[in-house]
Amino acid sequence: MRKLLISIVMFLVPVLAFPAGGGDEHLESVFINLRDKASLQRGAKLFSNYCLSCHSAAYSRYNRVGKDLGISDENIKEHLMFAGEKVGDLMTTTMPVEDAQRWFGVAPPDLSLIARSRTPDWLYTYMKSFYIDDSSPSGWNNTVFENVAMPNVLYGLQGNQLAVYETNGDNKVFAGFEMEENTGTMTEVEFDQAVTDLVNFLVYLGEPAVLKRYKIGVFVLLFLVVLLIPCYLMKKEYWRDVH
Ligand code: HEC
């Protein structure tokens, strides 16, 4: 009886532990594919064009990123870097921290490990959840990160997103987003893909060795398959006398 009770408790522990960990915000899910080099390259370009002016990725060097993602030094110089930098430089921002603090109230954090401290789903939903809010200093707000100091840097692509509220008694309840017509150069599908590429790149940034590990993994599996042959022959040899 005691054993049964203990097994029931042991069985329930993980079930009970999980719901407490999740937040109550609704997150959209994103499909991360680090083998998709084209997506990673597009993500790197978006990152350097739209994020590096405020955020750094100070654990990465341009030429390491180029090597991992298959981008030539010429293309890195042309598409990813600020003028005056060298390909061996770290991906630091040109914005001085004191200025950033003065402008935004908080310095934009380094994004090297952001995909690990936040999840890919969080990042994806965050980048898609900016909406116009005239009461905020930047003119933007975000449903995933309330009163965020970051403006919507991708509004030129996405368009001007508005939040729609329904009144429920005395409460205003968030009911969804609406896009102002003819703002933004991308369609919704294109923008979703762009944000997916960006998050894909941020996941790579958080663990650059992962691409190398994939390659090593293939060799390890091949080696194990080859190793199986002598092992099998040896087993046959050993058991010959026993049978
Ligand atoms: C104009 C400056 C600026 C640009 C450009 C910018 N950000 Fe930010 N970002 C900020 C600031 C400031 C914060 C801090 C917000 C806060 O704490 O309220 C922030 C916060 C964030 C956070 C949340 C970090 C956390 O606390 O977990 C993420 C994620 C992020 N930025 C991603 C990006 C990405 C991706 C881009 C490029 C598409 C980008 N940012 C471009 C200023 C910027």
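Donors here are N, O and S atoms within 2.8 Å of the metal (3.2 Å for Na, K and Ca), and with water not among the atoms, sites may look incomplete. By that rule, the protein donors of the ligand's iron atom are H55 (NE2) and M150 (SD), lying 1.9 to 2.1 Å from it. This is a predicted model, where local features need pLDDT of at least 70 and side-chain atom pairs count only at pLDDT 80 or more, while totals for chains, interfaces and linings use all residues. Residues are numbered from 1 along each chain as its sequence is written, and side-chain values use heavy atoms, leaving out hydrogens and water.

**The iron site**
- The arrangement is octahedral because the six donor atoms around the iron atom subtend angles of 87 to 180° (six count as octahedral if opposite donors are over 155 degrees apart and all others between 65 and 115).
- H55 sits in the loop between α2 (37-50) and β1 (57-61), and M150 in the loop between β4 (140-142) and α8 (155-158), so the pair ties together parts 95 residues apart in sequence.
- Both H55 and M150 are buried (under 20% relative accessible area, 1.4 Å probe, protein chains only).

**Around the ligand**
- Of the 21 residues around the ligand, C51, C54, H55, R118 and M150 come nearest (a residue is near if one of its heavy atoms lies within 4 Å).

- An N or O atom in the R118 side chain is 2.7 Å from a ligand oxygen atom (a polar contact is a pair of N or O atoms within 3.5 Å).
- A ligand oxygen atom also has a backbone N or O atom of A149 2.8 Å away.

Note on methods: A polar contact is a pair of N or O atoms within 3.5 Å; within protein, one must be able to donate a hydrogen and the other to accept it, and residues adjacent in sequence count only if both atoms are side-chain atoms. Four donors count as tetrahedral if all angles lie between 85 and 135 degrees; four count as square planar and six as octahedral if opposite donors are over 155 degrees apart and all others between 65 and 115; anything else is irregular. Helices (H or I, at least four residues) and strands (E, at least two) are DSSP runs, numbered from the N terminus. Buried means under 20% relative accessible area, exposed over 50%, partly exposed in between (1.4 Å probe, protein chains only).
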